[in-house]
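Open the model in your viewer and keep the selection panel at hand. The tour goes from one selection to the next.

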Amino acid sequence: RDRIDRVEWDWDYDVSVGFVPSGIEGDEWIQTFPDNGRFFIAARIWDEDGSNVVTVAAVDVLNVAPTITSTDWPLQVSEGAVWRYQMDVEDPGILDTFEFEVLSGPIGMEVDSTTGLFTWTPLYSHAVEGSVNARLSVTDKDFARDTQDITISILAADIDDDGLPDG
């Protein structure tokens, strides 16, 4: 039996083009694919005599849901002040696009559905409640979703600086 001398990889194999080395060599290989779908990879295996063989395999990459990575939303806001939160997400599908939503929350909470910037201006009635809950989400183009439940404390405004809420 011949000993394997080296292995080259073609991580974007196209039968009409043939084997195109990706510059990666070795018996272990890690590849991040740009999106879900079917991809073909090829390995050219060289033995100690210089002979080689190319083997091809199909890899089916399934969609992975985006992951909300930000946890730094403002925990409190005064009534009448604008609350802002930029949601950050990660997704291995570099070609994925995202849609951001307020699934539930106080009336008036809005989001720019493409940038993930959430905004809201609390009223005195929210300050009376003391806090509000919201469920925010991000969905990728393949309809996989992650959600985030948040609580925001509302401080009553004291515009006349007498130490009492003005309501």
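Start by selecting S70. Its side chain reaches the backbone nitrogen of D88 at 2.9 Å. A polar contact with the side chain of Y85 is also there, at 2.7 Å. (A polar contact is a pair of N or O atoms within 3.5 Å; within protein, one must be able to donate a hydrogen and the other to accept it, and residues adjacent in sequence count only if both atoms are side-chain atoms.)

A word on the model before going on. It is predicted: local features need pLDDT of at least 70, side-chain atom pairs count only at pLDDT 80 or more, and totals for chains, interfaces and linings use all residues. Residues are numbered from 1 along each chain as its sequence is written, and side-chain values use heavy atoms, with hydrogens and water left out.

**Around S70**

Stay on S70. It sits in the loop between strand 4 (67-68) and strand 5 (76-78). Strands (E, at least two residues) and helices (H or I, at least four) are DSSP runs, numbered from the N terminus. Is S70 buried or exposed? S70 counts as buried because its relative accessibility is 4%. The scale: buried is under 20% relative accessible area, exposed over 50%, partly exposed in between (1.4 Å probe, protein chains only). Now show the neighbours of S70. Leaving out residues up to four places away in sequence, S70 touches Y85, Q86, M87, D88 and Q148. Contact here means heavy atoms within 4.5 Å.

Next, select E8 in strand 1 (residues 4-10). E8 is buried, with a relative accessible area of 10%. Its side chain makes a polar contact with the side chain of W46 at 3.3 Å. Beyond its neighbours within four places in sequence, E8 is in contact with F19, P21, I24, E25, A42, A43, R44 and W46.

E8 and R6 form a salt bridge, with the closest N and O atoms 3.8 Å apart. (A salt bridge is a side-chain nitrogen of Lys or Arg within 4 Å of a carboxyl oxygen of Asp or Glu.) R6 counts as partly exposed, at 33% relative accessibility. How many salt bridges are there by this rule? The count comes to eight.

**Strands 2 and 3**

Select residues 37-47, which are strand 2. Strand 2 pairs with strand 3 in the antiparallel sense, over ten bridges. Two strands pair if DSSP finds at least two bridges between them. Find W46 again: it stands opposite N52 in strand 3. The two strands form a hairpin with four residues between them. In that turn, G50 has a positive phi of about 95 degrees.

Now pick R38 and D60. They form a salt bridge, the closest N and O atoms being 2.7 Å apart. This pair links distant parts of the chain: R38 is in strand 2, D60 in strand 3, and they are 22 residues apart. R38 counts as exposed at 51% relative accessibility, while D60 is partly exposed at 48%.

V54 belongs to strand 3 (residues 52-61). At 35% relative accessibility, V54 counts as partly exposed.

Move to residues 131-140, strand 11. Why is strand 11 largely enclosed by the rest of the structure? Seven of its ten residues are buried. On one pairing, six bridges join strand 11 to strand 8 (residues 98-104), running antiparallel. Look there for E101, opposite S137.

Strand 11 also pairs with strand 12 (residues 145-155), antiparallel, over nine bridges. Four residues lie between the strands of this hairpin, where F143 takes a positive phi near 70 degrees.

Select R135, which stands opposite D149 in strand 12. The two form a salt bridge, with the closest N and O atoms 2.6 Å apart. R135 lies in strand 11 and D149 in strand 12, so the pair ties together parts 14 residues apart in sequence. R135 counts as partly exposed at 35%, and D149 likewise at 47%.

**Last stop**

Finish at S125 in helix 1 (residues 124-129). S125 is partly exposed, with a relative accessible area of 41%. Draw a C-alpha to C-alpha distance from S125 to I154: the two are 9.6 Å apart in space and 29 residues apart in sequence.
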